[in-house]
Amino acid sequence: MTYAQALGFLQQLAQFGYNFGLERIKELLRRAGSPQQKLKVIHIGGTNGKGSVAVMVNAILQKAGYRVGLFTSPHLHSYTERIRINGAAISETKMAALIEWFKPMLLAMVKEGYEHPTEFEVLTALALKYFADEKVDLVVLEVGLGGTIDSTNVITYPLVSVITNVGKDHMQYLGNTITAIARDKAGIIREHGIVITAAHHPEALAVISQICAQKEATLYRVGQDITWQQQYLSPSGGVFNYQGLLNSYTGLKVSLPGRHQLENAATAVAVIEAAVLHHGLKVNSSCIRHGLASAKWPGRLEIVHRQPLIILDGAHNYDGATSLRRALEEVFVYNNLILVIGMLADKEREKVVALLAPLAAAVIVTRPDNPRAGDWQSLVGVARGFVEQVEVIANISAALSRALALAAKTDLICVTGSLYTIASAREWFMKQNKEEFASQ
């Protein structure tokens, strides 16, 4: 099976959509030899920031000399991005071989009366199998959606369970209240486990604390048990001080811009300290400093061009847009803002536009490359309530060209919304600015 054939087979599984429950993934992993039982896992969930925390934890552990598997989702340009060992994505050849290896099991399951595993379930199983085969020291596993019935929730005893925060997203699956969403995300908490959370909503904290008490799990709260203070922010990142479970640090540098990334970084350091304190991992202060400074996460306040300054940010929900607005106000210096936005129909699109559009001199509404885009043009009417110049351009390349035509060298173009929009934009800029991307 070639990579193209394997990818075709994998993408066919998208027809099964979101089909929650752990029965299929557990059965598939049983047939695959239960690779998850051979792994030491740090399990990271939450509404926003879980990917950023995952890459920071991964970077610190790598600096400490560990061989680390990292599983994140979604990808920007290739499925192989989701599965990495020490920063290197799984090869197309290896991924194709693993899909071919799993295919008979999938067909046998269906023949025996099981529902067909979904695309994400197969990717999760594939990642766990790959990490076990490669005998990695540790795995950093990002939750896909929710927690309780997410297919990553097959880890019996994670070293640390992390809930970055709880906000309103995926409400059609997780519930319409912070309490309901928090309860679902807290499904990754284990009996006598170690839990880190940066959740601030009182309702979310109440649920997480209650479940930890019920399961006799140890809970550490960023903002209470772990504290941090911002020193300064810049387009290239930020600096903060940290008081944690084991040590205090001054002048920790983060390579990801935005105040929210300082909190994500504090959460990542807390995760590392909890793993050191409770599981004896060997990580010194130098590894923490160098790991945070080296962590990269494309598509999150990522600068892809200068003069005019162009940033890409996957602020696909209201809380993400709140962090983006704060960064546009606190971090970046510019004359006029040109906002290019494309969001999926199942998000709080109107709230996001109402938050960001007032900052803009012009708004270009575009279409995410995904069937869930729905009535994407409806954002035009919302945006016109805040800014006079609003244009609608379906093709993302044409939308970006138009934004560049509108922008002076001292302006800022912000491309935001769905990660599908960000992926299309990033591919376009990579083609336009090969030298700039090659130097990153």
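Biologist: What share of the 440 residues in the chain is buried?

Modeller: In this predicted model, buried residues make up 59% of the 440 residues, where a residue is called buried if its relative accessible area is under 20%.

Biologist: How do you know that the radius of gyration agrees with that of a compact globule?

Modeller: A compact globule of 440 residues would have a radius of gyration near 22 Å, and the chain has 21 Å, so the two agree. Along its principal axes, the C-alpha trace spans about 60 × 55 × 45 Å.

Biologist: What makes β4 and β8 the edges of the sheet of eight strands?

Modeller: The open sheet has the order β4-β3-β2-β5-β1-β6-β7-β8, with mixed pairing. Because β4 (88–89) and β8 (218–221) each have a single partner strand, one side of each is left without a neighbour in the sheet.

Biologist: Why are β3 and β4 called a pair?

Modeller: Two strands pair if there are at least two bridges between them, and β3 (residues 83–85) and β4 are joined over two bridges, in the antiparallel sense, so they meet the definition. In one of these strands, β4, Ala-89 is the bridge partner of Arg-84.

Biologist: Which helix packs on the sheet by touching β2, β3 and β5?

Modeller: That is helix α5 (residues 119–133), whose direction makes about 15° with that of β3. Helix α9 (residues 259–279) also packs on the sheet, where it touches β1, β6, β7 and β8, and its direction makes about 165° with that of β7.

Biologist: How are α4 and α5 placed relative to each other?

Modeller: Two packed helices are described by the angle between their axes and the distance between the axes. The axes of α4 (residues 92–111) and α5 come within 10 Å and cross at roughly 120°, and the crossing is right-handed. Among the residues that meet there are Trp-101 and Phe-102 in α4, and Leu-126 and Tyr-130 in α5. By class, this contact has eleven nonpolar, no polar and three charged residues.

Biologist: What makes β9 and β11 edge strands in the sheet of three strands?

Modeller: The open sheet has the order β9-β10-β11, with antiparallel pairing, and β9 (227–234) and β11 (248–254) each pair on one side only. Between β9 and β10 (residues 237–243) there are seven bridges, which meets the requirement of at least two for a pair, and Gln-229 stands opposite Asn-241 in β10. Helix α9 lies across β9, β10 and β11, running at about 45° to β10, while helix α10 (residues 285–294) lies across β10 and β11, running at about 25° to β11.

Technical notes. Residues numbered from 1 in each chain as written. Predicted model: local features only at pLDDT ≥ 70, side-chain atom pairs only at ≥ 80, totals over all residues. Heavy atoms only, no water. Helix = DSSP H or I, 4+ residues; strand = E, 2+ residues; numbered from the N terminus. Contact = heavy atoms within 4.5 Å. Axes fitted to C-alpha atoms, helices over the stretch in contact; angles between N-to-C directions. Left-handed = near helix turned anticlockwise from the far one by under 90°. Nonpolar A, V, L, I, M, F, W, Y, C, P; charged D, E, K, R; others polar. Rg over C-alpha atoms; globule rule 2.2 N^0.38 Å. Buried < 20%, exposed > 50% of the residue type's maximum accessible area, 1.4 Å probe, protein only.
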